[in-house]
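Hi,

Here is the structure I promised to pass on.

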Amino acid sequence: MPFARLATATTPTCHIGLGLAAVGRPGYINLGRDEDLGDDRTAEALRTRTHELLDAAYAQGVRYFDVARSYGRSEEFLADWLRRNPRVDDVVIGSKWGYTYTADWTTDAEKHEVKDHSLRTYERQRAETAALLGDRLDLYQIHSVTPDSPALTDKELHARLADAAAEGLTVGFSTSGPAQADAIRAALAVTVDGNPLFRTVQSTYNALETSAGPALAEAHDAGLTVIVKEGMANGRLAAAHAPEALRGVAAETSLGCDAVALALILHQPWAGVVLSGAATLTQLASNLHAAVVDLDEDQLARLAELVEEPREYWEKRSSLPWH
């Protein structure tokens, strides 16, 4: 397991990772992104921004970096950074397959990504990822598994993924939607030759959406590394949009709403890595303060009142515009 490397890390931020979804493509659904990125969203501008974020994250102890085939040119930007920093050999690199980026570097495409969990897509995207990241890739995840995903029942796909695992690649999956818990439990039951196939799970969990928590605890108990995405609820928990209870706790800690929101996730005993989706250096620095936030029982209780019903949460998420 590549995440064993993090076990020896001593920095407070070693359990915070950096996801590049927000900076690998010009359009995304995070609130406030127009202010974050401005008008210059050329590939070179976002490449430079990505490299600056990676430099800062690594310097501050972050050791997990997360990309995907559908995050525009995120794999390419990360691969460039790794080539420019050949002495960086203590990071864990994760990517995902299953969505194809279709927006052609625009922000107003009818569809920005198309989902397909077929074996054919896996083989194509695995080759594309290998061409960019080569042997630097540690973890390959099925992107956004839901209970009805064919990836949960395709035995030929499972065999190919098991072959990749036998060659040293860690195989994982991510989840999305209101039935994340069901998808996680179904994936935990997938075996090849009697052995569990998946070694990591990446799911949405935040102050507003906690429904996957019990299933993530089960995954952790089964030996999987749990990676948490969308801890900021696509910007809904950032200061400009944060609910009053979160603002109150943040004021008490003298830190940002984002740091408190991410600290809430780090507080979970099953959370292995919590992703920052920062698009600016200021956001990254603020996010990383989550590692030193100490929430008391009263603060945790007030934050627990923010939880939304899963379908309500995911309906709101699906209505967010691409900026």
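Below is what turned up, starting with the ground rules.

This is a predicted model, in which local features need pLDDT of at least 70 and side-chain atom pairs count only at pLDDT 80 or more, while totals for chains, interfaces and linings use all residues. Residues are numbered from 1 along each chain as its sequence is written, and side-chain values use heavy atoms, with hydrogens and water left out.

The barrel: eight strands close up in the order S1-S2-S3-S6-S7-S10-S11-S12, with parallel pairing (strands are DSSP E runs of at least two residues and helices H or I runs of at least four, numbered from the N terminus; two strands pair if DSSP finds at least two bridges between them). From one strand to the next, the twist averages 25°. Within it, S6 (residues 139-145) and S7 (residues 170-175) are parallel partners over five bridges, and Ile142 has Phe173 in S7 as its bridge partner.

Helix H7 (residues 180-188) packs on the sheet and touches S6, S7 and S10 (200-204), where contact means heavy atoms within 4.5 Å. The direction of H7 makes about 160° with that of S7 (angles run from 0 to 180 degrees between N-to-C directions, with axes fitted to C-alpha atoms, for helices over the stretch in contact).

Further along, the axes of H9 (residues 244-253) and H10 (residues 257-266) come within 8 Å and cross at roughly 100°. That makes H9 roughly perpendicular to H10 (65 to 115 degrees). Leu246, Arg247, Val249, Ala250 and Thr253 of H9 meet Cys257, Val260 and Ala261 of H10.

Cheers

Methods: Angles under 35 degrees count as roughly parallel, over 145 as roughly antiparallel, 65 to 115 as roughly perpendicular and the rest as oblique.
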